[in-house]
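Here is a quick tour of one chain and its ligand. Have the structure open while you read.

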Amino acid sequence: MIPYNEKNESIMGSKQSVVKMPAQVSVLLPLPLKEAFDYIWNERLSPGTLVKVPFGTRKLYGVVWEGKGTYPSKKCKPLLEVFESVRLPEVSLKFIEWVSNYTMTHPGQILKMVLPLPEAFDTKRRAPLNSLNFTPKGILQKPQLSLDQWATAEDIKRSLESETFHTFLLEGVTGSGKTEVYFDAIDHVLSKGEQVLVMLPEIALTAQWLQRFEARFGFHPATWHSDMKKSEKKQILRAILQGQVPVMVGTRSALFLPFSNLKLLIVDEEHDGSYKQEEGVIYNARDMAIVRARLSKATCVLASATPSLETEENTRIGKYRQLHLMDRYGGAHMPEVQLIDLRKYPRAKQTWLSQPLRKALETTMSRGEQAMLFLNRRGYAPLVICQGCGDRLMCPHCSLPLVYHKFHKQLLCHHCGTTGFLPPSCPKCHAEESYCAHGPGIERVYEEVTAFLPEVRCALLSSDHMSDSQAIFEQIKAIQDHKVDILIGTQIMAKGHHFPLLTLVGIVDGDATLSGSDLRASEKAFQLLHQVSGRSGREKRKGQVFIQTHLPEHPVMRALLDQDRREFFSLESEQRLIHGFPPHGRLAALIISGKNREEVEKFARRLARTFPLTQKADLLGPAPAPIPLLRGQYRWRLLLRTTKEVAPQPLLKKWLSQTPPPRFLKLQIDIDPYSFY
Ligand code: ADP
Ligand code: ZN
């Protein structure tokens with residue numbers, strides 16, 4: 001450990017009050033630094049204790065990492081303050097260490113996620129507490145589980161009783177009653193006074209989930225997501241450390257909170273890409289949840305209708321146990337899927353809905369039911385092109401086209417947030433009013449629907465039209481209350497929701513998700529389109545799904561049509577095996593970025609040259625990233641591939657320590673990459 005004492009002056013000199021029996025402690029600070037720092041205090045402190053320390057001109061909160069330091073105590077400064085009553089559980093410290101090693105980030109960065117607002121515990125600064133009540137008030141609506149559900153829930157409960165670590169894959173089509181099964185397991189954990197964490201991929205999903213939870217358990221669980229006020233977060237943090245949070249539901253960041261008695265972790269929609277954090281500390285919360293469960297001897301349940309190939313493979317080799325609900329609950333049928341071949345049913349110019357889809361919308365409306373149109377494109381049009389010279393309007397900071405948002409009357413870069421207005425004339429060919437919108441976004445589909453069905457009540461559902469979680473909750477309520485007839489939305493609406501009157505789902509551009517250089521493109525497309533389809537006909541009324549496509553023969557389309565995931569996934573899996581890609585091999589991506597294009601390329605090439613020859617791994621690249629300029633930074637990528645038995649971290653550590661990046665370049669390590677942009 002390094003002592004904290006920047007000028008190496010003697011801090012035990014006469015000016016300092018002399019501490020009689022100084023004990024050394026190493027303190028982890030929430031900063032991207034390699035090591036913990038040594039300080040002294042007049043007594044020994046247990047690991048996990050919250051302290052305040054001098055650091056340069058700053059005063060920082062930190063956590064006692066080890067009760068002993070290694071540096072001569074004479075050179076160490078004393079702590080400023082010790083918060084005896086606030087201590088991170090031991091398991092959180094182990095988790096910090098594990099995640100830090102796995103993701104190859106500094107432990108201080110993980111500490112920041114474990115204890116995001118340490119000032120919440122500073123008794124001097126603390127605002128008065130509102131009392132939080134997360135205690136169960138008895139079970140209100142305990143449903144009778146079907147035989148299938150009951151058997152499944154029993155398996156999970158047996159694991160909970162055994163108090164040993166197990167991971168389950170809880171698999172079942174959309175609407176098969178997976179949530180009710182894990183509710184039953186939650187019930188069991190609550191009765192023993194232990195803790196549960198439920199992770200959902202997006203905030204948008206929490207509204208309906210919370211309604212259901214409250215109806216079932218009679219209390220509101222603690223929630224955690226990015227759209228919460230700081231004051232709320234502080235309260236929750238205090239409640240957690242005081243052991244007052246029996247159930248927490250949240251997005252991926254909730255996983256790191258300092259639970260001390262966590263016995264059940266649920267990862268709902270485990271296949272979902274939102275569990276992967278792509279910035280800062282790059283991690284997959286689904287995978288880290290399994291580690292967290294292991295450290296607590298807890299049970300982890302991964303729930304999905306379309307499990308990821310990784311999870312399927314782990315189930316196949318017996319690492320996870322499979323639980324399977326076969327049918328939709330209560331005799332509800334799976335929706336009938338139809339492909340609309342756009343070569344046979346071409347759409348009129350500047351329209352996006354084919355005749356069969358329009359007809360289905362009309363019929364659904366005449367029955368007084370609801371419909372959903374899905375298009376994973378925000379805004380009005382993904383491209384704006386000059387009619388005169390073909391110039392595309394591009395983001396000045398990213399190598400990406402600007403997206404036209406008609407409702408907000410602006411151009412927007414979806415990656416860096418740069419905004420602009422449509423130029424009156426083309427700066428290249430000087431043609432006047434020459435820019436034209438190309439391709440559809442959801443706003444454009446909205447315009448089309450309201451023109452051809454002027455009486456219907458349409459709602460747009462994307463992050464641009466619902467600014468915060470409150471707006472999302474209100475919109476979802478409006479749909480439930482049938483104040484909306486047709487919802488037009490992006491993937492924000494694709495998952496989890498249950499709208500009994502929704503009987504038609506139209507997928508506007510089934511092919512959009514298939515393209516790209518992503519090794520998981522087909523898998524992701526299938527998962528997304530299957531999820532969207534699953535919104536249809538979830539109760540007694542039979543549901544329909546129309547997928548517009550130019551590629552009706554594509555394996556993804558065939559699998560959706562036949563509702564046959566197994567066949568499709570085994571083909572996918574074979575392909576991956578040939579290439580040694582996950583789930584049969586491991587990947588680690590290196591992303592080099594910087595302001596100077598030549599320097600980025602030069603370093604990427606140097607890195608590749610110094611890659612140590614080994615049987616255990618090979619290197620793909622270097623190559624410019626698919627988005628070669630992002631937020632003003634040029635980017636190159638390398639991809640390390642190893643067999644499943646070989647962990648990439650030690651290899652990377654050795655290699656990168658021999659070829660460290662120059663200071664003016666950034667090197668990001670993405671273990672188990674999910675995106676390849
Ligand atoms: P999934 O999580 O697999 O999508 P859900 O748990 O949401 O499925 O169940 C689908 C619908 O069936 C929900 O409306 C749910 O309330 C209902 N349901 C499921 N199981 C039961 C049960 N045992 N008793 C009553 N209703 C149930
Ligand atoms: Zn941009």
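Let's start at the ligand: a polar side-chain atom of Y329 lies 3.0 Å from a nitrogen atom of ligand 1. That makes a polar contact, meaning a pair of N or O atoms within 3.5 Å; within protein, one must be able to donate a hydrogen and the other to accept it, and residues adjacent in sequence count only if both atoms are side-chain atoms. On its own, ligand 1 has 550 Å² of accessible area, and the protein covers 81% of that (Shrake-Rupley method, 1.4 Å probe; for residues, only the protein chains shown count as cover).

Before going on, some ground rules. This is a predicted model, where local features need pLDDT of at least 70, side-chain atom pairs count only at pLDDT 80 or more, and totals for chains, interfaces and linings use all residues. Residues are numbered from 1 along each chain as its sequence is written, chains are lettered from A and ligands numbered from 1 in the order in which they are written, and side-chain values use heavy atoms, with hydrogens and water left out.

| Residue and atom | Atom of ligand 1 | Distance |
|---|---|---|
| Y329, polar side-chain atom | nitrogen | 3.0 Å |
| K178, polar side-chain atom | oxygen | 2.9 Å |
| S176, backbone N or O atom | oxygen | 3.2 Å |

Around ligand 1 there are 16 residues, with Q144, G175, K178, T179 and R212 the closest (near means a heavy atom within 4 Å). Helix α4, residues 178-191, gives the most to this shell, with 3 residues; helices (H or I, at least four residues) and strands (E, at least two) are DSSP runs, numbered from the N terminus.

As for the whole chain, the average pLDDT is 91, and 94% of the residues score at least 70; pLDDT is the predictor's confidence in each residue, from 0 to 100. Residues 6-20 fall below 50. Where pLDDT is low, the predicted coordinates should not be read in detail.

The peptide bond from P582 to P583 is cis, with omega near 10°, and P583 sits in the loop between α14 (565-579) and β27 (585-594). The G621 to P622 bond is also cis, with omega near 10°, but P622 is in strand β28 (residues 617-630).

Conventions:
Contact = heavy atoms within 4.5 Å.
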